[in-house]
Amino acid sequence: MKKALIFLVTGFEEIEALATVDILRRGGVEIKTVSLTDEKTVVGSHSIPVIADELFDNADFSSADILILPGGTVRINEHDGLKEKLIEFNNRGKNIAAICAAPMVLGGLGLLKGKKATCYPGFEKYLDGAELATNEAVVVQGNIVTGRGPGLTLDFALQLLETLEGKEKREEVAKGLLLL
């Protein structure tokens with residue numbers, strides 16, 4: 001079974017985080033929500049409190065197949081421990097994904113240099129060295145997946161499912177959601 005970690009910080013975009021968790025779980029991926037705060041309860045950008053599965057310091061990175069960053073706030077760019085893990089995963093060729101404002105973290109770390117990427121409009125300036133694909137819902141470049149924003153979360157999450165479990169599983173889940 002593939003394993004994923006998705007990170008929550010105060011102000012995260014609820015649709016991007018929770019729909020991604022939902023779709024990956026429907027597809028058989030073991031996904032854990034990880035709080036980047038000192039508390040398991042994290043309040044999203046629309047005042048919805050979510051109880052994370054675990055705190056960052058207790059997360060099992062050794063068995064994770066992908067790290068996922070929802071957008072909603074630039075606060076996700078303030079966690080040094082997360083940045084270290086993103087660099088480590090990238091150096092090992094392991095999967096990383098970010099949607100909306102969150103690709104700014106990858107851009108700031110230099111992980112998008114020479115790669116095609118997308119993000120929420122207005123955050124392009126943070127994608128240092130990236131080839132901008134601003135009209136694309138989701139972009140896959142090697143081990144990195146970027147998504148544009150909240151209304152495109154289903155596309156993003158289904159692409160992550162395909163990356164982890166294959167096209168057949170993606171189509172199965174999409175069909176169950178009446179997307180095919």
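Author: A polar contact is a pair of N or O atoms within 3.5 Å; within protein, one atom must be able to donate a hydrogen and the other to accept it, and residues adjacent in sequence count only if both atoms are side-chain atoms. The model is predicted: local features need pLDDT of at least 70 and side-chain atom pairs pLDDT 80 or more, while totals for chains, interfaces and linings use all residues. Residues are numbered from 1 along each chain as its sequence is written, and side-chain values use heavy atoms, with hydrogens and water left out.

Reader: Which residue's backbone oxygen does the side chain of Thr 118 reach?
Author: Start with the place of Thr 118: the loop between strand 8 (116-117) and strand 9 (131-132). Helices (H or I, at least four residues) and strands (E, at least two) are DSSP runs, numbered from the N terminus. The side chain of Thr 118 spans 3.0 Å to the backbone oxygen of Ala 133.

Reader: Is Thr 118 buried or exposed?
Author: Contact means heavy atoms within 4.5 Å. Leaving aside neighbours within four places in sequence, Thr 118 is in contact with residues including Pro 103, Leu 127, Val 139 and Arg 148. Buried means under 20% relative accessible area, exposed over 50%, and partly exposed in between (1.4 Å probe, protein chains only). The relative accessible area of Thr 118 is 1%, so this residue is buried.

Reader: What is the order of the strands in the open sheet?
Author: Two strands pair if DSSP finds at least two bridges between them. The sheet has 7 strands and mixed pairing, in the order 5-2-1-6-7-11-10.

Reader: Which are the edge strands?
Author: The open sheet's order is 5-2-1-6-7-11-10. An edge strand here pairs on one side only, and that holds for strand 5 (54-55) and strand 10 (138-141).

Reader: Which residue in strand 11 is the bridge partner of Val 140?
Author: Strand 10 pairs with strand 11 (residues 144-147) in the antiparallel sense, over 4 bridges. Within strand 11, the partner of Val 140 is Val 145.

Reader: At about what angle does helix 1 run to strand 1?
Author: Axes are lines fitted to C-alpha atoms, for helices over the stretch in contact, and angles run from 0 to 180 degrees between N-to-C directions. Helix 1 (residues 14-26) lies across strand 1 (3-8), strand 2 (30-35), strand 6 (66-69) and strand 7 (95-99). Its angle to strand 1 is about 165°.

Reader: And at about what angle does helix 2 run to strand 6?
Author: Helix 2 (residues 80-91) lies across strand 1, strand 6, strand 7 and strand 11. To strand 6, helix 2 runs at about 135°.

Reader: How many aromatic pairs does the count come to?
Author: Rings of Phe, Tyr and Trp (its six-membered ring) pair if their centres lie within 6.5 Å; planes under 30 degrees apart count as stacked, over 60 as edge-to-face and the rest as tilted. One of the pairs is Phe 7 with Phe 56, tilted, at 6.4 Å centre to centre and 50° between the planes. These two are 49 residues apart, Phe 7 in strand 1 and Phe 56 in the loop between strand 5 and strand 6. By this rule the number of aromatic pairs is 4.

Reader: Which residues do ring pairs link into a cluster?
Author: Phe 7 is buried at 0% relative accessible area, and Phe 56 at 12%. Phe 7 also forms a stacked pair with Phe 61, 6.1 Å centre to centre and 10° between the planes. Phe 61 is buried too, at 7%. Ring pairs link Phe 7, Phe 56 and Phe 61.

Reader: Is Ser 47 buried or exposed?
Author: Ser 47 lies in the loop between strand 3 (41-43) and strand 4 (49-51). Its phi is near 65°, a positive value in a residue other than glycine. Most residues other than glycine have a negative phi. At a relative accessible area of 58%, Ser 47 is exposed.

Reader: In which segment does Leu 178 lie?
Author: Leu 178 is not a glycine, and still has a positive phi of about 65°. Leu 178 counts as exposed, at 74% relative accessibility. Its place is the segment after helix 5 (167-176).

Reader: In which sense does helix 4 pass helix 5?
Author: Helix 4 (residues 153-165) and helix 5 pack at about 145°, with axes 7 Å apart. A crossing is left-handed if the near helix is turned anticlockwise from the far one by less than a right angle, and right-handed if clockwise. This crossing is right-handed.

Reader: How many Å apart in space are Ala 174 and Cys 100?
Author: Ala 174 is in helix 5 and is buried at 5% relative accessibility. Leaving aside neighbours within four places in sequence, Ala 174 is in contact with Leu 158, Leu 179 and Leu 180. Cys 100 is 74 residues away in sequence, and the C-alpha to C-alpha distance is 22 Å.
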